[in-house]
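Hi,

Here is the structure I promised to pass on, followed by some notes on what turned up in it.

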Amino acid sequence: MKTFLFFPEHLEDAKISILGAPYDLNSSRRYGSRFAPDSVRAESRDMESNFMGMELSHLPVEDIGNTETGGWKRFTKSLHEKVNIIKEKGSVPVVIGGDHSITPEIIRSIGRRDIHVVSIDAHLDFDRELFGNTHSHACPRRWEAEMLGAEKIHIIGIRSWPTKSMIDAKEAGVHIIDAKEIMEKGMEYVIKSLPEGDVYLTIDIDGIDPAYAPGTGTPEPFGLMPKDVLAIIERLSKRIVGMDVVEICPPCDVNGITSSLGAHFISAFIASFFSR
Ligand SMILES: [Mn+2]
């Protein structure tokens, strides 16, 4: 298998484990994020071993490959098995999606109820169902709120939402910083608002402006800049117990720049996680 960067497929004492989750059947518009795990890996292999001053080549990171795919049941069973293997060795899972519906399943597998979720996204993802599908990629924050408590959910960068779902999310106590608020108050405010304690970080690539990340199924302008996300990753990295990068759609991409951005976010996390 062609792994992420140059990391091995198996490392007994890995502290970060990369896993591909090529499932996109809960998408609602353009499909194709199933191709992202291998596309992100391919882009990563063109990167150098030193990321912004941090040498990555000797770090205890493994890339254990992809989950099984197929239907939702078969996929989630495989996802739970793989995340459990990672968890049992005390390593942090970094999952490359896939659409955003995979996130609550990863968090369920991690099994901690005391963590916060930080979601970078163009969308609220708090619908009860979409087109009759309760596992739609429009619903994951609602599942997480049920699991962990709505007050542990933090959503950053959204710019369009269904009014009803927004009322539900606000009433439940979800923390939301929308794109307009970020434009008015700046990233310093966002960084200050990040939760304390252990966190799960989910990066929906459509949270970033489509000028930087056109390869996604539901592009929305007025998004974050890559360096804004870098600042969030660096602020949280020591407290991240799991992370994913989702909704990269290689068939929608231009010159692989969105897959490359996803690869750089993962490298940024690895570099920051192991930094002193
Ligand atoms: Mn999303």
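A disulfide here is a pair of cysteine sulfur atoms within 2.5 Å, and a search of the whole structure finds 0 of them. Cys-139 is in no disulfide, as the nearest cysteine sulfur, belonging to Cys-249, lies 19 Å away. Cys-139 is buried at 1% relative accessible area, where buried means under 20%, exposed over 50% and partly exposed in between (1.4 Å probe, protein chains only). Cys-249 is also buried, at 1%.

Before going further, please note that this is a predicted model: local features need pLDDT of at least 70, side-chain atom pairs count only at pLDDT 80 or more, and totals for chains, interfaces and linings use all residues. Residues are numbered from 1 along each chain as its sequence is written, and side-chain values use heavy atoms, without hydrogens and water.

Now the metal site. The manganese ion has His-100 (ND1), Asp-121 (OD), Asp-125 (OD) and Asp-204 (OD) as protein donors, 2.1 to 2.2 Å from it. Donors are N, O and S atoms within 2.8 Å of the metal (3.2 Å for Na, K and Ca); water is not among the atoms, so the site may look incomplete. The donor spacing in sequence is H-x20-D-x3-D-x78-D. Asp-121 is buried at 0% relative accessibility, and Asp-125 is buried at 8%.

Finally, Ile-203 is in contact (heavy atoms within 4.5 Å) with residues beyond four places in sequence, including Ile-120, Val-229, Met-243 and Phe-265.

Happy modelling!
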